[in-house]
Amino acid sequence: MIPAIEVRAVNKSFGNVEIIRNLNLRIEKGERHAVIGPNGAGKSTTFNLISGYLAPTSGDVLLNGQVVSGLPPFEINRRGLSRSFQLTNVFARMTVWDNVRCAVLWASGQRYAFWKSMDDLQDVNERTIRILEDIHLAARRDVIAGLLPYAEQRALEIGITVAGGSDVIILDEPTAGMSRAETDRAMALIKRLTEERTLVIVEHDMNVVFGLADRISVLVYGEIIASGTPAEIRNDPRVKEAYLGQEAVDA
Amino acid sequence: MLELVIISALNGVLYGLLLFLMASGLTVVFSMLGVLNFAHAGFYMLGAFFGFQISKWFGFWWALLLAPIIVGLIGAAVERFALRDIHRSGHVAELLFTFGLAYVIEEVVQIVWGKDPVDYRGPPSLDFPAFSIFSTNYPSYKVFMFAISVAIFVALLIVIKRSRIGLVVQASLTHPQMVAHLGHNVGLVFTLVFGVGIGLAALAGVIAGPILQTQSNMAASLIALLFVIIVVGGLGSLAGAFVASLLIGLIQTFAVSLDGSLASLFGPLSPDAPQFLIRNIWTVTIAQVAPIIPYALLILVLILRPMGLFGTRET
Amino acid sequence: MTELVSSAPMSRAVPGARLRFYAAWGMVAVLLAAFPSIFTSASSLTTFSLVGTAIIFALSYNILLGQTGLLSFGHAVYYGIGAFFAVHTMNLIPQYGLPVPLPLVPLIGGVAGLLLAILTGWISTRRAGTVFSMISLGVAELAVALALILTDFFGGEDGISTNRTKLPAWFGWHFGPQVQVYYLVAFWVFVSALAMYALTRTPLGKICNAVRDNPERVQFVGYDPHIVRYLAFCFAGLFAGIAGALAAISFESANFTDLGWVKSGAVIFSTYIGGTSIFAGPIVGAIFFVYLSLSLSDYTSVWQLYFGLLFILVVRYAPGGIGGTLLMHRMPFRVGGLGRILRTYAIAAVPTLMLVGGFVLAVETIVHHTVNANEDPRIKAFGVSFDASSPMTWIVAGLLMLIGYFVGRLTWRGVTRAWDDARTIASERGIPS
């Protein structure tokens, strides 16, 4: 079977600094895959390489068997990959409703249409209503996104990411800065929204990682040192060594 | 012909150095503070007019010392009391603010000194020919301008390469997003850099005023030229700004001194040929095309090399 | 964000919203049609032609600035090219006996603006932000310099003139009388404004807003921000061209200054002062700008200075412009704090006016001494007479400014407090500000 994402021998350096070294990663379709690792291990860079935000110095990234590295982000998105951001990255001066509508537009085939009224696009509006209900923001639809409380902005961030219906969803620390209760709600939300899709997630919160992931990869200093099921990772001596002194694995 | 080439080359390099005095401040401020100062040429003009006024009252040498300091202080005040607050409203608001400022400076200059050129002269002590090339006497005032420009250039180089602030400036040129993490003193550094940048522009005004026309419209056309220089040189590249300044200074100076046109090359347009517009293109001289060349260069660079000649970041 | 002030967003298919939409635009149409019966003088109709042209031009500029977040310093290039193509068309039609009536000429101007935008836009819109602004200024300088060289087309310093009455009649109208020109302009104002409003409600219009807010994120929902900016740029060029053609019809001439930086500056001022965040903002700004430029010059010789200062103050203290600032008061109105805020405004207005009055007195006195030094020192500005040579004037101006500044600071604190309280109440009740 063709994997959803395949990273083949990818290197990335900024100037003389190697951030990612010979990265190999295979994520099957429908899998929920978590990438963990200490700060500065290159997790966000890995995401940026996969989503087209950065181009690899060498090596290939494949999405559903097609090489996508080097393509601009919108091309990769059109091929079925959508990502969220670690720092909230919404359309700050637009309403919640318009934020989600914009995220639905391309996937609904509207392209750059300037001859149709948004209000007549039944398909777009219905999909938007569904997404808003999914992320529990239906009541906040007319609020300007930049004025939402933090947790709701994070929910909107996830909503924008899944709205286009991409098969592959990658989330960059979706629960960063959330309280315990908010994290639990966000986890349930992510689980529900990514059913039957491929999910790749970077997360520091080990509860979230072990609660969500089918498989886990551990990234340390730009290299994958271990990849496997949660149980395998928990017992991997190299992982324990990398996380030595951190209570994370015990959690 | 050789005479023309040498004189034009000298004048071109001189003009280029003047442009660099302005462009260097503009590009450093842009990289560090993220502010593209539309009023930069306005401060150059203020420098020229302050220079004119002070040299009328106290003599040229006082003007050379005081005008850049006064204008630099005005610039620092603008950064401290206005731009810093507007920064929160985003880049568009900042650019609009400096745009309005440029407009107000021009109006104020018109009110105080009128629309006609003022009679701004260099010091009498420099009013003699320095040397002659063939039959042309090269004025010593221009030699003095050379000396000042080169001295400032060398001083700037030393400050940037050797001092702590210079290191901060260097870092900000290559990694603009890093400046935010420089610690609590960053506000003072910003004000200082902005003030010095403005002061350099004013200095250019003081020394250029006597040989170029000191007039209330001298800023408006210059700012576009400065934008061309920093884009063509490459955003955040001082070396690029230097090369682009010289390039544009030389091109402009040489073009202005050339009278050639398609007509002089191929003979007059035959009366059978289509006349409309073709006639204009056929008879226009290179000197008349001179104002276009920098902008044509800008578009060419944007198509062929979007990061500019020396840039590392794509424009 | 971009709805017309009077009509609510039609985000759901609410029949009431659609009705309000038609009611609002129907009212605009009726007002435009009735205007000549109310203001019958030729001069007020001429003024309207100026205002109408300025409105289309400002709205077209706001497609860039307000909708897409692009600050152009050279928008007049597309206005000017529209004007020149209109003038040449108006000269060619009678010359070749073409059956094209005057009301279609603005379309030619629009197409000219559009074609030029298609040509220059691709490179200019590759990047947003400051780089876009710099390039737009470069293109503008290039256009003006070219216009002065290509004298066959642009007529050099004198420009090109035409005669609008020489075109074939349109249902008996020759567009000699001002009222006929008025209806022509009014028609195009209505059509263009409606079209530009409709544009904000289309997928492209929405994505323009998204590109303005966050070009990076737009890429991750499938859109190429470059193409979005390019399309917005082309539309802005189209409507700017229409505006330029209408100006050419009103003045029966076009001049290279139509492309130039004064014109570009004027549209930046009027659009921004009117307010870029709501659709009607540029309309308010255009009316305000034309009115001020026509009337202020009667009161003071340095009105451009005051206008520039006003612009700076708006950028500094009221970045929403007139429209945005008015709209900001919806929140205190809803929580019931508006009365108190208005009272604090009234109090703050007194010292603020003193400050402004003192400043104006000082400026006018300086102007007298620098510009008209040899004339009678008893001068008049804004209808107030004073003696510019008397030291009393300086003392009065100084006192007004000092008192105005220090008292003003205190009273504006009251304004801030009233706003803070209103915001607190609003956030407690969950009303968005």
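**Notebook: chains A, B and C**

I began with the contact between chains B and C, which takes 40 residues from chain B and 39 residues from chain C; two residues are in contact if their C-beta atoms, placed from the backbone, lie within 7 Å. The model is predicted, local features need pLDDT of at least 70, side-chain atom pairs count only at pLDDT 80 or more, and totals for chains, interfaces and linings use all residues. Residues are numbered from 1 along each chain as its sequence is written, while chains are lettered from A and ligands numbered from 1 in the order in which they are written.

Helices (H or I, at least four residues) and strands (E, at least two) are DSSP runs, numbered from the N terminus.

I then looked up the largest nonpolar core, which has 279 residues. Such a core is a set of buried Ala, Val, Leu, Ile, Met, Phe, Trp, Tyr and Cys residues joined through C-beta atoms within 7 Å; buried requires 20 or more other C-beta atoms within 10 Å of the residue's own. Helix α10 (residues 225–251) of chain C supplies the largest share, 19 residues. B:Y44, B:L226 and B:I229 have the most contacts inside the core. Leaving out residues up to four places away in sequence, I found B:I229 touching B:L19, B:A23, B:A241, B:A244, B:S245 and B:I248.

Strand β4 (residues 58–63) is joined to β5(A) by 2 bridges, and A:L62 has A:V67 as its bridge partner.

Conventions. Buried ≥ 20, exposed ≤ 12 C-beta atoms within 10 Å, placed from the backbone. Pairing = 2+ DSSP bridges.
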